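Please look over the sequence and the structure shown below before reading on. The paragraphs after them are meant to be followed with the model in view.

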Amino acid sequence: MSKAYGIIAAFDDTREIFQACEQVRDAGYTQWDALTPFPIHGLDRAMGLRRSKVPRLSLIGGIAGFCTGMALIWWTGAADFRLIVGGKPYFSPMFAFPISYELSILFTAFATILGMFFLNRLPMHYHPVLKQPQFARATSDRFFIVIEATDPKFDAARTRALLVQAGGKDIVEIEG
Amino acid sequence: MSAPVPPPPAPRSDQALYVGLAGIATTGFGLMFSPLKMVAFAWLVGVMFWTAITIGMLLLVLIHHIFDASWSTIIRRQYEHWLSAFKWLALLFLPLLVLSWMPRHSGLVWSWMDPATPLPGGHGTVGTDVLYVKKSAFLNLNLFTIATIAFFAVWVFLSCKLRKHSFAQDADGDAVWTLKNRWWAAAGIPLAALSLTFASILWVKSLEYHWFSTMYGVWFFSNCVRGALSMGVLMMLWLYHRGDYAGLLNRNHLHSIGQLVFAFTVFWGYVSFSQYFLIWNANIPEETFWYNLREQGDWYWVGMLILFGHFFVPFLYLLSYKHKVVHAWIRPIVIWVLALIFVDICYNILPAIKDARGDPLPFLSLTLLWSLTAVIGVGGICVWAYLRSFPTTKLIPIRDPRIAECLVYHESSHE
């Protein structure tokens with residue numbers, strides 16, 4: 001017998017889930033999610049989500065790429081194997097700039113993609129919400145809100161009452 | 001539902017006209033303190049600054065139509081109003097053209113116009129300069145005059161078409177006006193690209209006709225678009241705080257235009273660095289002299305100001321989402337960018353004024369003062385043209401096929 005994961009409720013259209021999300025947000029829950037077949041503009045705000053932290057990882061990636069480029073050109077041309085090419089100095093930020101710029105972009109892209117996967121905890125091959133009997137319809141025509149048992153405000157009876165009040169249907173408790 | 005708030009009264013345009021005329025008069029007053037040559041160069045700075053911004057707006061309207069864009073519908077009408085300034089810019093360019101045809105003053109601004117202009121260091125005259133002779137099929141007064149008239153004709157013509165079709169749609173709501181503008185965008189983008197490239201080569205780059213740079217038109221283009229986007233942000237904020245854009249402008253519109261301000265900052269950096277880097281790497285005297293001149297005296301610090309102020313500062317600043325959408329954050333940076341476009345244009349024009357030894361005259365000088373008054377003068381006339389056109393139509397193209405989509409761009413915001 002495993003622990004309860006949370007409570008899941010179904011909704012029939014975008015308007016219903018939009019308003020339900022605002023109610024769950026205003027009730028002060030933090031550990032919950034909305035599951036929809038397609039992106040709904042403005043749902044992030046209705047859920048009270050903050051902006052993604054991915055851009056910070058992108059910035060770190062970019063700075064790392066720039067420094068790698070500069071260090072690479074300096075190390076190969078001015079430290080490890082000093083060689084005069086085209087009458088230019090051993091090292092100059094001028095000719096190190098193109099490679100630094102390219103590596104900034106490359107490392108930013110890596111940090112963005114990998115950071116997105118890391119923060120999303122993807123790939124994830126199993127998730128407790130899959131136990132909801134109708135969950136396949138979340139990829140087609142139904143909308144779900146799941147509130148996790150780990151949420152500090154979670155209380156099986158009161159959370160269920162909130163979802164009922166918000167218009168949720170087919171409310172079930174699911175195990176982890 | 002609250003009762004609809006009546007729109008604020010149309011802004012007055014006459015004050016802008018007075019500011020413009022005062023700026024022009026002050027620049028003319030400069031002739032009492034500085035030689036005609038300095039004032040003429042300053043006037044070129046003023047005209048180039050606003051012509052660049054107005055070309056940028058023309059390009060943004062053309063690009064809007066070719067992509068069938070939706071979010072930019074909200075700002076397009078303001079650009080269309082500003083495009084009415086092209087005919088006045090043509091008029092304000094006229095003194096420079098007239099000066100070029102006056103036998104006593106020909107060669108004053110563009111030294112190659114007068115074959116008798118001596119080269120610095122006693123190396124003969126322009127007429128005996130092989131680099132001029134080889135380029136004279138392009139750099140001659142007849143072609144310069146015809147091309148200048150043709151450039152303004154193209155810009156005025158495209159602006160008239162885009163404005164007429166857009167304004168006509170307000171009356172009948174016919175989608176055919178959108179299709180007509182899309183057709184003119186397809187035809188107009190190559191025309192605008194070629195005209196702005198050759199205009200920058202003839203009017204600015206040829207001030208030092210020895211020089212070679214294949215990046216020059218692209219450099220000018222990047223400043224045109226940066227200026228137009230910055231003015232676009234200022235117009236958006238102005239109309240929002242006046243109350244016109246209340247309920248229309250949302251956070252996502254500002255985010256989108258802010259992203260473009262950021263993107264063109266990177267583009268400007270890319271182009272300017274490419275021009276410098278290729279010349280630095282090839283190290284050929286016919287090319288390097290242009291930058292060597294700009295390391296003399298205080299021009300070195302102007303170059304550093306442009307490098308850090310026109311690229312690094314806006315680049316780092318605009319990385320943040322907040323700095324693109326919060327009015328108090330986005331406003332100072334676009335004003336800063338406009339100021340740096342002015343410095344960049346000075347950097348490209350003013351060092352062509354040289355002393356007897358062939359060194360450029362300093363940046364901090366009376367010429368800079370007259371350049372500023374010229375910018376105020378020409379700018380006042382442009383703002384006047386914009387404000388004069390403003391009350392003649394609806395605030396936004398209310399019957400544009402994309403306007404509904406534009407107004408709910410992503411989500412409506414209450415901020």
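This is a predicted model: local features need pLDDT of at least 70, side-chain atom pairs count only at pLDDT 80 or more; totals for chains, interfaces and linings use all residues.

Residues are numbered from 1 along each chain as its sequence is written, chains are lettered from A and ligands numbered from 1 in the order in which they are written, and side-chain values use heavy atoms, with hydrogens and water left out.

Begin with strand β1 of chain A, residues 4-11. Helices (H or I, at least four residues) and strands (E, at least two) are DSSP runs, numbered from the N terminus. Seven of the eight residues of β1(A) are buried, so the strand is mostly covered; buried means under 20% relative accessible area, exposed means over 50%, and partly exposed lies in between (1.4 Å probe, protein chains only). Two strands count as paired if DSSP finds at least two bridges between them. β1(A) pairs with strand β4 of chain A (residues 169-175) in the antiparallel sense, over five bridges, and in β4(A) the bridge partner of A:Ala4 is A:Glu175. β1(A) also pairs in the antiparallel sense with strand β3 of chain A (residues 143-148), over six bridges. There, A:Gly6 has A:Glu148 as its bridge partner.

Next come the charged side chains. Side chains of opposite charge can pair when their charged atoms come close. A salt bridge is a side-chain nitrogen of Lys or Arg within 4 Å of a carboxyl oxygen of Asp or Glu, and the structure holds 19 of them over all chains. One is formed by B:Arg402 and B:Asp68, whose closest N and O atoms are 2.7 Å apart. This pair links distant parts of the chain, 334 residues apart: B:Arg402 is in the loop between α14 (366-389) and α15 (403-407) of chain B, and B:Asp68 is in the loop between α2 (36-66) and α3 (73-82) of chain B. B:Arg402 is partly exposed, with a relative accessible area of 27%, and B:Asp68 is partly exposed at 27% as well.

Helix α3 of chain B holds both B:Arg76 and B:Glu80; because they are four residues apart, about one helical turn separates them. They form a salt bridge, with closest N and O atoms 2.7 Å apart, and both residues are buried. B:Arg77 meets B:Asp170 in another salt bridge, at 2.8 Å from N to O. B:Arg77 lies in helix α3 of chain B and B:Asp170 in helix α6 of chain B (residues 141-172), so this pair ties together parts that are 93 residues apart in sequence. B:Arg77 is buried at 0% relative accessibility, and B:Asp170 is buried at 12%. In chain A, salt bridges that share partners join A:Asp12, A:Glu16, A:Arg142, A:Lys169 and A:Asp170 into one network.

The last stop is helix α13 of chain B (residues 327-349), where B:Asn348 is found. B:Asn348 is buried, at 3% relative accessibility. Its side chain reaches the backbone oxygen of B:Asp344 at 2.9 Å. Leaving out residues up to four places away in sequence, B:Asn348 touches B:Val204, B:Leu207, B:Tyr216, B:Trp219, B:Trp290 and B:Arg294, where contact means heavy atoms within 4.5 Å. B:Trp290 is one of the buried residues of helix α10 of chain B (residues 285-293). What covers the buried residues of α10(B) includes α9 (251-282) and α13 of chain B.

Terms used:
A polar contact is a pair of N or O atoms within 3.5 Å; within protein, one must be able to donate a hydrogen and the other to accept it, and residues adjacent in sequence count only if both atoms are side-chain atoms.
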